[in-house]
Amino acid sequence: MAEEESIELKFRLFDGTDIGPNKHDPSTTVASLKEFIIARWPQDKEIAPGTINDVKLINAGKILDNNQTVAESTVSVGGLPGGVITMHVVVRPPVFDKNNEKKQVKSPKHNRCGCSIL
């Protein structure tokens, strides 16, 4: 009976490859799904998430919150039971050096006029 209630999910990565499909309980949280994705992340990818905060899951155009359950975050498509739901995975790229990032942000300001009217 639990097999009938489970929801089949597939996770589409940024390069078009997939993780899954796998069956998940409707009470599973989005945070648990992110842990599942990180544990099964392909080793050959150049960009890989380190924590669940580095991963964003998108379903039906909405970014899912970590405290939502699968049942709350899925949208039934045309009322078709038993279909595979594809969620898109977005990974935040790692920040290598905060000092370089600050320099890059500040550098365009040097091209601006520095005039002061007294």
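## A tour of salt bridges and core

Select Lys-45 and Asp-15 to begin, where the two side chains meet in a salt bridge with N and O 2.3 Å apart (a salt bridge being a side-chain nitrogen of Lys or Arg within 4 Å of a carboxyl oxygen of Asp or Glu). This pair links distant parts of the chain, for Lys-45 sits in the loop between α2 and β3 while Asp-15 sits in the loop between β1 and β2 (18–24), 30 residues apart; helices (H or I, at least four residues) and strands (E, at least two) are DSSP runs numbered from the N terminus. Lys-45 is buried, with a relative accessible area of 15%, whereas Asp-15, at 39%, counts as partly exposed (buried is under 20% relative accessible area, exposed over 50% and partly exposed in between, with a 1.4 Å probe and protein chains only).

Before going on, note that this is a predicted model, in which local features need pLDDT of at least 70 and side-chain atom pairs count only at pLDDT 80 or more, while totals for chains, interfaces and linings use all residues. Residues are numbered from 1 along each chain as its sequence is written, and side-chain values use heavy atoms, with hydrogens and water left out.

Next select Lys-10, Arg-12 and Asp-18, which salt bridges with shared partners join into one network. Asp-18 reaches Arg-12 with the closest N and O atoms 2.4 Å apart, and Lys-10 with the closest N and O atoms 3.9 Å apart. Asp-18 is partly exposed at 33% relative accessible area, and Arg-12 is likewise partly exposed at 27%. The structure holds three salt bridges.

Now turn to Phe-11 and Phe-36, both of which are buried. Their ring centres are 6.2 Å apart and their planes are at 50 degrees, so the pair is tilted; rings of Phe, Tyr and Trp (its six-membered ring) pair if their centres lie within 6.5 Å, with planes under 30 degrees apart counted as stacked, over 60 as edge-to-face and the rest as tilted. Because Phe-11 lies in strand β1 (residues 7–12) and Phe-36 in helix α2 (residues 30–39), the pair ties together parts that are 25 residues apart in sequence.

Finally, select Leu-57, which, leaving aside neighbours within four places in sequence, is in contact (heavy atoms within 4.5 Å) with residues including Phe-11, Leu-33, Ile-37, Leu-64, Met-87 and Val-89.
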